[in-house]
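Here is my note on the structure, as numbered points. Keep the sequence beside you as you read.

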Amino acid sequence: MEQSNSFVVGGKSFMAVAINCAAKAGEWIASRLGNHAKLEQKLSAQDLVTEVDKGTERLIRKLVHTHFPHHSFLGEEGVEPGPEASAQALADVEQEEYLWIVDPIDGTTNFVHGFPYFSVSIALAHKGEVILGVIYDPMKDELFIAEKGKGAYVHGKVMKVSEESMLQDSLIATGFPADQQYALPLNMKGLNHLVPKVRNVRVAGSAALHLAYVAAGRLSGFWEIGLNSWDLAAGVLMVKESGGEVTDTMGQPYHLGVRNVVASNGSIHQQFLQELASAEACK
Ligand code: 2AM
Ligand code: CA
């Protein structure tokens, strides 16, 4: 891929470092599948972390700081569980010049159960705007990349969103949030309403990979309530650079603080938002 000179520091481009991080992290994660020693619950039995999540985040942080020692870093495992802590951690660094936003394993529940659908998600934001995203699926050895203004690629092939123009022809995805007070009931309302209106719904367990699949045209759309910046940042850029649309569930533009997201091929976006609104499943 062509690199702009402004993206090159000390000979290594941001994208080269991001890809290197994702590949190394993915290799390490795959080697520990079915072989992780320690499992901890965060907020609930649905909210898990292993020593592999933590080790992978350390690996990525170290590699990023080797090349870019002055860049800021926001990773899931460096933040206390819960939406308030996430919002505060983001607010603390959001306006930094360069901020790496990392989810070392997106889909930890799948990783723990040996269900082969999880990913490494790495984004780079410049003054609050995402300029680069890399998502790596180590089980399929699939690398999805996007650079702002330069398109999105899976293994070197240009990605393009799907062409469905009606919800009834659409395959969409969502996730069941761990937060059972607020996020889960809202998502269930949307799910109940949407299932009969779309071709089908998939709930595969990694928000980042769902977004990469929307970008690749394998899913027509995705929505979920209660996500964090590290689940979304890389995948959102990917969807946009593949010709799709991303907003919050109220139809407002995406920014790093968005937790309730709707991503689609663009053609179904308004209908998707309208159905969520009529289900009162937006907020
Ligand atoms: P994770 O595996 O990195 O935690 C599945 O619905 C999606 O929700 C996954 O991307 C998962 O990311 C994320 N997720 C799981 N627990 C969560 C929590 N407590 N808060 C926010 N997102 C969560
Ligand atoms: Ca994670």
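1. The structure holds zero of them, counting a pair of cysteine sulfur atoms within 2.5 Å as a disulfide. A disulfide is a covalent bond between the sulfur atoms of two cysteines. Cys 21 is buried because its relative accessibility is 0%. Cys 282 is also buried, at 9%. Buried means under 20% relative accessible area, exposed over 50%, and partly exposed in between (1.4 Å probe, protein chains only).

2. A word on the source. This is a predicted model, where local features need pLDDT of at least 70, side-chain atom pairs count only at pLDDT 80 or more, and totals for chains, interfaces and linings use all residues. Residues are numbered from 1 along each chain as its sequence is written, chains are lettered from A and ligands numbered from 1 in the order in which they are written, and side-chain values use heavy atoms, leaving out hydrogens and water.

3. Now ligand 1. Which residues are closest to ligand 1? They are Asp 103, Asp 106, Gly 107, Thr 108 and Glu 224, out of 18 that surround ligand 1 (a heavy atom within 4 Å).

4. Look at the polar contacts (N or O atoms within 3.5 Å). A backbone N or O atom of Gly 107 sits 2.7 Å from a ligand 1 oxygen. The side chain of Glu 224 has an N or O atom 2.7 Å from an oxygen of ligand 1. The protein buries 86% of the 480 Å² that ligand 1 exposes when taken alone (Shrake-Rupley method, 1.4 Å probe).

5. Finally, Phe 176. Phe 176 is partly exposed because its relative accessible area is 47%.

Technical notes:
A polar contact is a pair of N or O atoms within 3.5 Å; within protein, one must be able to donate a hydrogen and the other to accept it, and residues adjacent in sequence count only if both atoms are side-chain atoms.
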